[in-house]
Amino acid sequence: MRCASCRARARPERPRGFTGYRGPRRGVSVPGMNGSRDRTLSAAGTATFGFREVAEAERQGLVNEVFSGVAERYDLMNDLMSGGLHRLWKDDLIVRLNPPRSAVPFRLLDVAGGTADVALKAVGTSGPGVSAIVCDISPEMLAVGKRKIAEAGLAERIGTVLGNAEALPFTDRSFDAYTIAFGIRNVTHIDRALAEAYRVLKPGGHFLCLEFSHVDVPILDKLYDFHSFEVIPRLGALAAGAAEPYRYLVESIRNFPNQQAFAELVKAAGFANVSVRNLTGGIAAIHSGWRI
Ligand SMILES: C[S@@+](CC[C@H](N)C(=O)[O-])C[C@H]1O[C@@H](n2cnc3c(N)ncnc32)[C@H](O)[C@@H]1O
């Protein structure tokens, strides 16, 4: 049996696109999916966790272990791993969100909001009518977020709620906008999370998803593979004392649908005017859609 790091080294050649993704409901056909394999949830009830197949029912628990373990160092690692690029990508997300500068009430739900970066940027740069809820399944990530919200003096306008993106603890049509940044690939049933996003948005509400995506620029793709599989796990080991969680993060990016295929899932959830904006050659992408 090969060791974990050997396996990781062998992975960059893994096919792009829908490798291992098992998100959509049975019967939902998504153009652009790799037709060689049924990507719906299998009868055996398995799902991918990084490049491993695990029992579907166990997957979320494994994801939660990753984030509870890295919560205190998550922000530092984000900066190290992306060279600070995640801040620019989040700025771009806020530009697209375009929260009102006035006192007009505007409720944002930031799902998988973790350490609250997106909510802090959205509320901190907008008018007094803008408020946000950061919803995340990890108490440890939310605890860091809560601390940052208090330090920014924004506790009156940003709340935190423990919850699962697949079964949001909010009433129908209660938010003006829904954001999810680097969160949706961690969710076991992406279609359920998208259906929940649609449910909690008011008609006219805006869905925005910032997620790692698929690089289609020659040379950049090779550099990105090298950075992902050789640099990031080592950085994790050095800066955070553990390579494994960072290997999962890299592998989960490769399992996530490409730009076009994810856009189809967003449309299948009912969103209109769906568009995609690539960031840094497709390393990340912002998907936008509207509940009409
Ligand atoms: C990579 S972090 C992103 C955090 C933050 N949005 C950011 O951009 O910095 C992924 C987050 O997704 C959360 N998460 C994973 N599965 C989730 C689920 N099913 N429902 C809600 N949050 C989830 C994790 O706890 C973690 O905080």
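How many bridges join strand β3 to strand β4? Six bridges join β3 (residues 106-111) to β4 (residues 130-136), and the two strands run parallel; within this pairing, D110 has V134 of β4 as its bridge partner.

The model is a predicted one, in which local features need pLDDT of at least 70 and side-chain atom pairs count only at pLDDT 80 or more, whereas totals for chains, interfaces and linings use all residues. Residues are numbered from 1 along each chain as its sequence is written.

**The sheet and the helices beside it**

The protein contains ten helices and nine strands. Seven strands make up an open sheet of mixed pairing, in the order β5-β4-β3-β6-β7-β9-β8. The edges are held by β5 (158-162) and β8 (272-279), each of which has a single partner strand, so one side of each is left without a neighbour in the sheet. From one strand to the next, the twist averages 15 degrees. Helix α4 (residues 85-97) packs on the sheet and touches β6 (175-181), β7 (201-212), β8 and β9 (284-290), its direction making about 165 degrees with that of β7. Such angles run from 0 to 180 degrees between N-to-C directions, and the axes are lines fitted to C-alpha atoms, for helices over the stretch in contact.

| Pair | Bridges | Residues standing opposite |
|---|---|---|
| β7 and β9 | seven bridges | F207 and G289 |
| β8 and β9 | six bridges | S275 and S288 |

β9 is mostly covered, since five of its seven residues are buried. A residue is called buried if 20 or more other C-beta atoms lie within 10 Å of its own, exposed if 12 or fewer do, and partly exposed in between, with C-beta atoms placed from the backbone. The hairpin of β8 and β9 has four residues between the strands, and in this hairpin T280 takes a positive phi near 50 degrees.

Helix α10 (residues 259-268) has A261, F262, A263, L265 and V266 as its buried residues, and these pack against α7 (190-200), β7, β8 and β9. Just after α10, G270 adopts a positive phi of about 115 degrees.

Of the 292 residues of the protein, 45% count as buried. Leaving aside residues up to four places away in sequence, Y178 touches L109, V111, A197, V200, L201, G205 and F207; two residues are in contact if their C-beta atoms, placed from the backbone, lie within 7 Å. Among the contacts in the protein with a separation of 6 or more, 70% are between residues 24 or more positions apart.

F51, in the loop between β1 (46-49) and β2 (52-55), lies 7.3 Å from S252, C-alpha to C-alpha, although the two are 201 residues apart in sequence. With 19 other C-beta atoms within 10 Å, F51 is partly exposed.

**The shell around the ligand**

Which residues are the closest to the ligand? The shell holds 22 residues, and the closest are A112, G114, S138, A165 and A181; a residue is near the ligand if its C-beta atom, placed from the backbone, lies within 6 Å of it. The elements that give two or more residues to the shell are α2 (56-70) and α5 (117-124), and the largest share, three residues, comes from α2. By class, eleven residues of the shell are nonpolar, eight are polar and three are charged. In this scheme Ala, Val, Leu, Ile, Met, Phe, Trp, Tyr, Cys and Pro count as nonpolar, Asp, Glu, Lys and Arg as charged, and the others, Gly among them, as polar.

**Positive phi outside glycine**

N98, in the loop between α4 and β3, has a positive phi near 50 degrees and counts as exposed, with 12 C-beta neighbours inside 10 Å. A116, in the loop between β3 and α5, has a positive phi of about 75 degrees although it is not a glycine, and counts as buried with 26 C-beta neighbours inside 10 Å.

How values were computed
Two strands pair if DSSP finds at least two bridges between them.
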